[in-house]
Structures are given as structure tokens and as C-alpha cells.
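Here is a short tour of one structure. Look it over before reading on.

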Amino acid sequence: MTANGEPGANSDESSLSTLPLPDIRTSPMPNGNGSHKSTTAIESQPKRRVSIISDAPMIGASAGAAGYDNLAYEQNPRRKISQTSTHSHTEIGPARRRSILKEPSLPSNDNESDRGSTHSFENYRQSALDVLNAKYQGHQQQVPLSQDGNGANYVEDSWIYTFCLKCRGEEPSESWEPSFWQKIFPYPLCPTFRTFSRLIVLILIGLLLWIVAFVIIGDTAAPGGQLFSLVVLTVAANFGGYIISLTTLPRLIGMLLVGILFQNVGWVDLDGDFSKVTGHLRKFALTIILTRAGLEMEPEAFKKVYKTILKLGIVPWIVEAAVMTVMSHFLLDLPWMWGCLLGAIIAAISPAVVVPCLFRLRTKGYGVVKGIPTLVVAVAGVDDALSVAIFGIISTIMFSDKGVGYQIAQAPVCILGGLAFGVIWGCVARIFPEKGDAYVVPLRTLMLFAGNLVAIYGSEELGFEGAGPLGVVFSSFVSNLFWCKDGWDVDDNPVSTAFEIFWMIFEPILFGLTGATIKIDELDSHTVSIGAACIFTGVIIRIFVTAGIACGDRLNTKEKFFVGLSWMAKATVQAALGPVALKNLSSDATDEERTWAEIVQTICVFSIVLTAPLGAILISVTGTRMLTKTKQPQVLSGWRRSHRPSIRDISIIDEEEEREDPEIPRDKETDNNTQNNAHLTNLSYTANK
């Protein structure tokens, strides 16, 4: 070791280590003069062996003299080439050991080290990516410092860089890709090879299925046929939903807009005999929606909070349905029965909008202590079941030609019949298949799905349409009750995950078909404006009613209004039931009845367009301001892919000890009382002794 702290010649080899070149995405590192410069990644070059021992950083003049490495390439031109160089540290900055690019056993003299360093760059094959990184590095070194001392990164902070990262998404495991992939499709501007290969697989599967369908069906599956148009609409709706999801809005908004576009441009025609096919697809989608609602209710937690769930799920629903019924009767000239039908549809909450928004808040810790996100989701399930059941009862009364006694018997028979079917089929789903079966998950999924389809179609065939939806929700609930006793968890239920996959298939079909029912040139401006006024009036009144009846549930004022705001979004039930009234009209229906059915359909679609994006935005914006955040939010894992919250952690009226929110300040008055009464326990204990 020399006097100036520089190691001697004997420690030259021991001071060397192999260091990989830094990545382009590494954070800026401070250099000797206090500035910040980003490093550059040249992935095509081999690793270099350099010395990691240097003098203390000092400020010096520009290093432009001979005897240095290639100045056009070097990230730090102040590096000293060899230990015997004639330039002093104070003139050029910190001195480092020479680079050993090849033949590290050569003697360390000035001439050989300088020649090896000067001509070493010729050993590399410069590619287009090298030039891009070099230009990027030069740009980064010229970026001025920000107030916090960090250099601004215009590339990584740009909108296109953020957009590309958002499009890529996160992969659950490491992705394999060919060696040439990054050179042709660099990160992050292009998708990963896994995403690309998945897209190719889906395209090939769709193409093969279309070939088979064309051979079996014929012209209907050919280009220009109605089945082909439906497939194209579904694919386009899925793509439109993906584009909208990049803005954090619900996917269904993009799907609905694609359906409206296809209908009004003339790219799709699903009327005529093909309307029977679309009607069956809506029933399949409705079955999936109600099944998922039943699977989200945990029986043990439901026992503790059923009063809160029923109170917040039924009372606000009745108020909003009544407001819509009265306003549609007096402002839109709908008969009372048609107004009740419209109110039953509009009052439903959309889990497709509410759940993703609340999950984002839940993962960040907002409202977790009081179980607000899970409460909202649980009430949404009860709300949907109530809407569909009441709609079925009213629809059966309206479109049935049977006597008054039959109509009076609708309500009790539908309620009791639906509950009875749920208990019976739930018990069957527990015993068959046996819980230790290796194929228990797919068998339970198919058993539950097939039974719920029979409930929907069977109740309609028997003339008690309202019993089917109740049976679907209750059978899913009872099945989940037994499965939880067998060891499954609500948040880690593989059957629920299977129905989420089913929903991924039917969601673009449902909302694409719903959007395709709207013909803009045939809309009545009076109906649209009055309908929008009725929708927002019902929503606002429901918010205040929810906040008013939530007294005694240990929610503060902000939390009460947030719960009301989160229930304003309409989507799934409105899309499934909106066109049903028009489809149920017989061929001899009057023009007036068709007008009423079209009004119901139009208002249902516009309720989705108006409230779904607004509800998603309000939940995301107000949730961070109205809910209390915990320091350790809950993170779900396992089978759950969408990570839907369940009601298992609701503690609003739970009599057990509440979890303490670490960010709520301690109450000074409570602390003072505790300290003043601390001696009472000891005194009583002494007296007893």
C-alpha cells in the first residue's frame, strides 16, 4: 500500500473482480462531483474484468488527453488507464486500475495496457441496440438535476413507456423466450413471448373451431352469416374491453361501446330467428352471475352480519326501485306494472364494476379494518338475487294469460320453491362427487352449473320464473356451506375460480349483445333525457337512504356515504334482463306494448353507460379519501385469480375484539382515563387477598 492509499503492485490481481454491466433501467448513481448519471446496458457485449478499488473522488478538469480508453464509448472518461500514467489524480479525477479485456497475464506496463485499452472496442460487434443505448446515455448525462438531487428520466417517465408497461402486465412466473426476441421485440415496447404465444394459440383454436362449425352448420358460420357476426362481435368486444381496462375503467364499458358501434355501422345483424340464440346466451350469462354471487357468501360470517347485509341490501333496493317506478310512470307514461319491471332491473348493483375497484382499495389497505369492501360485495350478491327474483315474478304476471289465483301464487311459490331447490341441490353437491375424488373440482363445477341451468330453464317452463334465480343463488350458497366444512376457503375456492373463467368467456358476449341492441338513429331524445334524470334521481336518493339507515353499524359519516356511492354502478343485471321484456312479447303484441318494451331496454342500456364509468371513478377517487388506510393490507393468493373479496372478514357488528387501525390517532381522553383508573385493579386484587 502506497502513501496516498493506492494499493501496490502485489495486490493488483486480488483487487480485480467480475462485474456485469448495469441495466438501462437501474436508478441513477452519484459520481464523484455530486452529479447523477444513469448507466447504460449493452447486452450484446461480454462481461469485463475491472478493478473495483479507486481513490477518493475528486473534481478535475476535462479528460481529453491521449492515454485513455475510447472516449466515445466510455461512460466515465476520467478513468486512469494504468498506474504509471503521467496524469495526476487532481487533473483528471479518481484513478482506477486498468481494464483487463483479454490476456490478463500480460505485464502491466504503460504501452501494452494503453494499446489493449485503445483497441479493445474493436473486439465488439456494435449493434443497433448499442447505438440506441449510447444515445440514451448521452441524453441522460445532459438531463438537469431535480430538486431532490435525482436526475429526471424522460424515457421511463414518458407516457409511452408507462403505457407499454401497463400493456405488458405482470407474469406469475419467469417467461422463456427465444434468444432473438429482445433484439426484434425489445422490452418494454413489445409484448413478452408468452403473451405472443398465448395470442397465437387462441387464434389457432378459434380458427379450427370455426372450420368445424362451418362444416357442420354451413352458411350461418360463413363470413356474412349471423353466427360469424356474433363471433366477430365477441372478439372485438373483448379487445375493446382490454383497451378500456388500460385506463383502469371496467372492461364492460369498452365491450358495450363496441356493440353500439357494430350495430350502428351495420357490421352486425342479430335479429330474426337468431334472436333465440342470443336469448339463450343471456340466460347462460345470468346463471354464471348468480352462481358467483352465491359462492361469495361465507355461511359462518353471514350468521354474524346477516342483519346488516339484509338491511343495507333490501331497504335501499326497495327505495330506488320505488323511485324509478313512480318517476317512469309519471314522466315516461309507463303503466304501473311496466314501471315496476323497470325499477326491479335498474335497482340492481353490478358486481362486475364494484368488485375490481374495491379489490384495488382492499389491496392498498383502505377500509379493511371495518370490512367495508367485503360488505359492499356481499350486499351486491343479495341485491342481484333480489332484483332477478322480483323481475321474474313481475314478468310472469305480465306475460301470462292464466287466472288471478295463479298470479297471486307467484310470490310465495317462487320464494319457497327457490329455497327448496337450493337446499336439495346443495346437499346433492356435497355428497356427489365424494370430497376425496381426484376430479372433485371439475365434477363439482359441472354439477353446480348444470343444476343451476336446470333451475333457470325449469322455472320458466313451469311458469314460475322468479323461483329459478333464487334457486341458483341459494344452491350455490348451500354448496359453499358444505364445501367450507370440508376444508375449502371462500377466498381460495377452485369452483368459484372456474366460474370466473366462465365469466371471462360470456362477459364480452353479454355486453357486446347488449350494446348491439341500441340504434342511435331510432332513439328518442325525450326518452333518453328523462330516463337519465330518473336514473340519477334514484341513485342520489339511494345514497342518502343508505347513509341514513347505516346508523349503529360503527361506520363514520364518510364511510356511510362511500358505501352508498359504491352501489350506484349498473351493468350486469341490466345487460342480462334489459332486452328480455321485448323478447317476451308475443307476435300479436300491440305497438304501444312494443314501445314500452323499447323504453325499458333503452333506459337499461343507458344506465350502464352513465353509471358504470362514473361509479368506477367515484369508488377509486373517494375511497382513498373516505376510508381509513391500514399499514398492512391483505393480499390473497391461491386459486383466486381475480382475488374477489369475500365477507369472511366483515367486523362491522362483530362482537369479537376489533382490529386496531394503526393509523388512527390514540384518543387522549381515553388514555387519561386508563391511567387514572390503573390502580383500581391492583386495589381490588389486594382487598380480595
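Buried means under 20% relative accessible area, exposed means over 50%, and partly exposed lies in between (1.4 Å probe, protein chains only). This is a predicted model, where local features need pLDDT of at least 70, side-chain atom pairs count only at pLDDT 80 or more, and totals for chains, interfaces and linings use all residues. Residues are numbered from 1 along each chain as its sequence is written, and side-chain values use heavy atoms, with hydrogens and water left out.

| Residue | Relative accessible area | Class |
|---|---|---|
| Asp333 | 58% | exposed |
| Pro356 | 35% | partly exposed |
| Ile456 | 7% | buried |
| Thr611 | 0% | buried |

**The core**

A nonpolar core is a set of buried Ala, Val, Leu, Ile, Met, Phe, Trp, Tyr and Cys residues joined through side-chain atoms within 4.5 Å. The largest one here has 111 residues. Leu252, Trp338 and Phe511 have the most contacts inside it. Helix 13 (residues 372–399) gives the most to this core, with 13 residues. Helices are DSSP runs (H or I, at least four residues), numbered from the N terminus.

What does Trp338 touch, beyond residues up to four places away in sequence? Its partners are Met398, Phe399, Ala581, Leu585, Glu593, Trp596, Ala597 and Val600. Contact means heavy atoms within 4.5 Å.

**Inside the helices**

Thr611 sits in helix 23 (residues 591–626). A polar atom of the Thr611 side chain lies 2.4 Å from the backbone oxygen of Ser607. Setting aside neighbours within four places in sequence, Thr611 contacts Ile535, Met568, Ala569 and Lys570.

Ile456 belongs to helix 16. Ile456 touches Lys283, Thr287, Gly468, Pro469 and Val472, not counting residues up to four places away in sequence. Leu286 is 170 residues from Ile456 in sequence, yet their C-alpha atoms are 9.0 Å apart.

Pro356 is placed in helix 12 (residues 351–363).

**Two loops**

Most residues other than glycine have a negative phi, and most peptide bonds are trans. Asp333 has a positive phi, near 60 degrees. Asp333 lies in the loop between helix 10 (299–331) and helix 11 (336–346). Where is Pro433? Pro433 is in the loop between helix 15 (410–431) and helix 16 (440–462). A cis peptide bond joins Phe432 to Pro433, with omega about 0 degrees.

Definitions and conventions: A polar contact is a pair of N or O atoms within 3.5 Å; within protein, one must be able to donate a hydrogen and the other to accept it, and residues adjacent in sequence count only if both atoms are side-chain atoms.
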